[in-house]
Amino acid sequence: MNLLSVIFRVKRPSCIADMQAMVNTFICRKDFAGIMLFGWIFTNSRSVADSLNSSYSVMKNHEMIHLRQAQSTANNWFRYYALYLAFWLRGICLARKRRLLAYYLNPFEMEAYLNERNMHYLDRFENGVTGWKEYRKMTIAERYRVMKRSGKI
């Protein structure tokens with residue numbers, strides 16, 4: 001399935017209960033195990049996709065957190081991705097020294113990484129997760145300290 005067919009088949013975030021995983025090495029580069037786009041998980045490995053489709057794991061929980069974040073941004077994919085891009089670009093401008101630092105300091109990624117091992121994190125929220133809103137208020141230096149203490153970077 002290509003990206004255009006995914007976009008044309010897109011459902012609102014709140015209408016997606018579970019996400020299917022599929023292999024696409026163009027979308028999911030070797031630096032990442034998986035990426036969520038419009039309610040689909042793309043991986044660069046058939047074994048990872050099969051695992052995500054058959055069981056709930058830390059990686060699936062991470063991607064499900066992103067789905068629920070999209071739900072909390074007015075239940076709108078384009079608003080979610082616009083915010084994601086804005087956070088990422090701001091991070092690039094302020095944290096140029098390390099290659100993936102803008103990614104890890106993105107408030108959406110912070111919430112997902114800091115809660116990915118808590119398999120009951122999503123149980124507490126009905127209309128999307130909002131931890132990213134607290135991380136958004138932090139400076140880049142504060143975000144860096146939080147992620148450093150957690151061992152994620």
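This is a predicted model: local features need pLDDT of at least 70, side-chain atom pairs count only at pLDDT 80 or more; totals for chains, interfaces and linings use all residues.

Guide: Residues are numbered from 1 along each chain as its sequence is written, and side-chain values use heavy atoms, with hydrogens and water left out.

Visitor: In what order do the elements of the chain run from the N terminus on?
Guide: Helices (H or I, at least four residues) and strands (E, at least two) are DSSP runs, numbered from the N terminus. The chain contains eight helices and three strands. From the N terminus on, the order is α-β-β-β-α-α-α-α-α-α-α.

Visitor: What radius of gyration does the chain have, and what would a compact globule have?
Guide: Along the principal axes, the C-alpha atoms of the chain fill a box of roughly 40 × 35 × 30 Å. The radius of gyration is taken over C-alpha atoms, and the globule rule is 2.2 Å times the number of residues to the power 0.38. For 153 residues the rule gives a value near 15 Å, and the chain agrees with it, having 15 Å.

Visitor: What percentage of the residues in the chain is buried?
Guide: Buried means under 20% relative accessible area, exposed means over 50%, and partly exposed lies in between (1.4 Å probe, protein chains only). Of the 153 residues in the chain, the buried ones make up 46%.

Visitor: Among contacts between residues at least 6 apart in sequence, what percentage joins residues at least 24 apart?
Guide: A contact means heavy atoms within 4.5 Å. Among the contacts in the chain between residues at least 6 apart in sequence, the share that joins residues at least 24 apart is 62%.

Visitor: How many residues of α3 are buried?
Guide: The expected span of a helix is 1.5 Å times one less than its number of residues. For the 15 residues of α3 this gives 21 Å, in agreement with the 21 Å between its end C-alpha atoms. Just after α3, Ala74 has a positive phi of about 60°. The helix α3 is mostly covered, and its buried residues number 14 of 15.

Visitor: Which element gives the most to the lining of the largest pocket?
Guide: On a 1 Å grid over the protein atoms alone, a pocket is an open set of points where a 1.4 Å probe fits, with protein on both sides within 12 Å along at least five of seven lines, and lining residues have an atom within 4 Å of a point. The largest pocket is lined by 26 residues, of which Phe32, Ile35, Tyr84, Tyr103 and Glu109 lie nearest its centre. Two or more lining residues come from each of β2 (34–37), α3 (58–72), α4 (77–94), α5 (101–104) and α6 (107–115). With five residues, the element that gives the most is α4.

Visitor: What is the volume of the largest pocket?
Guide: Grid points are joined across faces, edges and corners, and a volume is the space filled by probe spheres set on the points. By this definition, the volume of the largest pocket is about 780 Å³.

Visitor: Is Phe38 buried or exposed?
Guide: Phe38 lines the second largest pocket, together with residues including Arg9, Lys11 and Trp40. Phe38 is placed in the loop between β2 and β3 (40–43), and its phi is near 50°, a positive value in a residue other than glycine. With a relative accessible area of 8%, Phe38 is buried.

Visitor: What is the relative accessible area of Met147?
Guide: Met147 is in helix α8 (residues 140–150). Not counting residues up to four places away in sequence, Met147 touches Tyr104, Leu105, Met110, Tyr113, Leu114, Lys152 and Ile153. Met147 is buried, and its relative accessible area is 0%.

Visitor: How far apart in space are Tyr56 and Met119, C-alpha to C-alpha?
Guide: Tyr56 is found in the loop between α2 (46–54) and α3, and at 44% relative accessibility it counts as partly exposed. Leaving aside neighbours within four places in sequence, Tyr56 is in contact with Asn61, Met64, Met119 and Leu122. Tyr56 and Met119 are 63 residues apart in sequence, and their C-alpha atoms are separated in space by 8.8 Å.
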